[in-house]
Amino acid sequence: MEPQSVSITTEYIKLEALLKLANLVSSGGEAKCLIQDGQVSVNGQVCRMRGKKLRPGDQVAFAGRELTVQ
């Protein structure tokens, strides 16, 4: 599957905000639970930090979807 590009206009975006921006979760609370449960990976490694700062070039995988921050 081709990674989905998510464009940001700031230096970084937090992981939970990225999941909301990409419409993969319906709320910040849902994002928090999924991240803390180990269901999200950043650059190939499971990430349990919902405040993880993502910058252009970072890749996020969740529920069979791949996102690339641009």
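This briefing walks through the salt bridges in the structure above, plus a quick look at one helix residue. Keep in mind that the model is predicted. Searching the whole structure turns up two salt bridges: one joins Arg 55 to Glu 11, and the other joins Arg 50 to Glu 16. As background, side chains of opposite charge can pair when their charged atoms come close.

**Arg 55 and Glu 11**
- The closest N and O atoms in this salt bridge sit 3.4 Å apart.
- Arg 55 comes from the loop between β5 (53-54) and β6 (59-62), while Glu 11 comes from the loop between β1 (4-6) and β2 (13-14), so the pair ties together parts that are 44 residues apart in sequence.
- Arg 55 is partly exposed, with a relative accessible area of 35%.
- Glu 11 has a relative accessible area of 56%, which means that it counts as exposed, since the cut-off is over 50%.

**Arg 50 and Glu 16**
- Here the N to O distance is 3.5 Å.
- Arg 50 is in the loop between β4 (45-46) and β5, and Glu 16 belongs to helix α1 (residues 15-21), so this pair links parts 34 residues apart in sequence.
- Arg 50 comes out as partly exposed, at 33% relative accessibility.

**Gln 36**
- You'll find Gln 36 in helix α2, which covers residues 28-36.
- Its relative accessibility is 45%, putting Gln 36 in the partly exposed class.
- Gln 36 and Ala 61 are 25 residues apart along the chain, and their C-alpha atoms are separated by 14 Å.

Conventions
Residues numbered from 1 in each chain as written. Predicted model: local features only at pLDDT ≥ 70, side-chain atom pairs only at ≥ 80, totals over all residues. Heavy atoms only, no water. Salt bridge = Lys/Arg side-chain N within 4 Å of Asp/Glu carboxyl O. Helix = DSSP H or I, 4+ residues; strand = E, 2+ residues; numbered from the N terminus. Buried < 20%, exposed > 50% of the residue type's maximum accessible area, 1.4 Å probe, protein only.
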